[in-house]
Amino acid sequence: QLRGLFHGNRAQVRLQMGRYAEALSDVDWALGLDPTSVKLLLRRAACLQHLGRVEQARAAFVKALEEEPESAAAAAGVRDCDERLRRGGPARAGMPGGAAGEIPSEPELDPYAELDIAHDA
């Protein structure tokens, strides 16, 4: 249970750092333990939106609404995804991926730098 909480929280940090692919990996791991968590489903949707995967983001928002029908965040997410898709697909201004919809590559993870530890420690 604690590992799921750890991965969910780390996903949020990575999401805030703009490391969307890594955040998605963490949140998917946590969802494997708690597939009905609205908080995790919303984090998954946010990651997918930033990666330009709007249809998958919409599906995560819909699942969150199924679990918690009164979720304003999930309802707003579905509307946002619908609007993005109506305007022409996943690659939108302000979202990574550019006009071609390509997913930006994430920098390689350096665990020493993440923990602020010298490499020779």
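In what order do the elements of the protein run from the N terminus on? They run α-α-α-α-α-α.

## Basis

This is a predicted model, in which local features need pLDDT of at least 70, side-chain atom pairs count only at pLDDT 80 or more, and totals for chains, interfaces and linings use all residues. Residues are numbered from 1 along each chain as its sequence is written, and side-chain values use heavy atoms, with hydrogens and water left out.

## Overall fold

The protein has six helices and zero strands; these are DSSP runs, helices being H or I of at least four residues and strands E of at least two, numbered from the N terminus. Of its 121 residues, 35% are buried (under 20% relative accessible area; exposed is over 50%, partly exposed in between, with a 1.4 Å probe and protein chains only).

## Helix H2

Helix H2 covers residues 20-33, and its 14 residues reach 20 Å from first C-alpha to last, close to the expected 20 Å (1.5 Å times one less than the number of residues). Tyr20, Glu22, Ala23, Leu24, Asp26, Val27, Ala30 and Leu31 are buried in H2. The buried residues of H2 pack against helix H1 (2-16) and helix H3 (38-50), where contact means heavy atoms within 4.5 Å.

## Cysteines and Glu55

Cys47 is buried at a relative accessible area of 1%, and Cys81 is buried at 0%. The whole structure has zero disulfides (pairs of cysteine sulfur atoms within 2.5 Å).

Glu55 lies in helix H4 (residues 54-67) and is exposed, with a relative accessible area of 61%.
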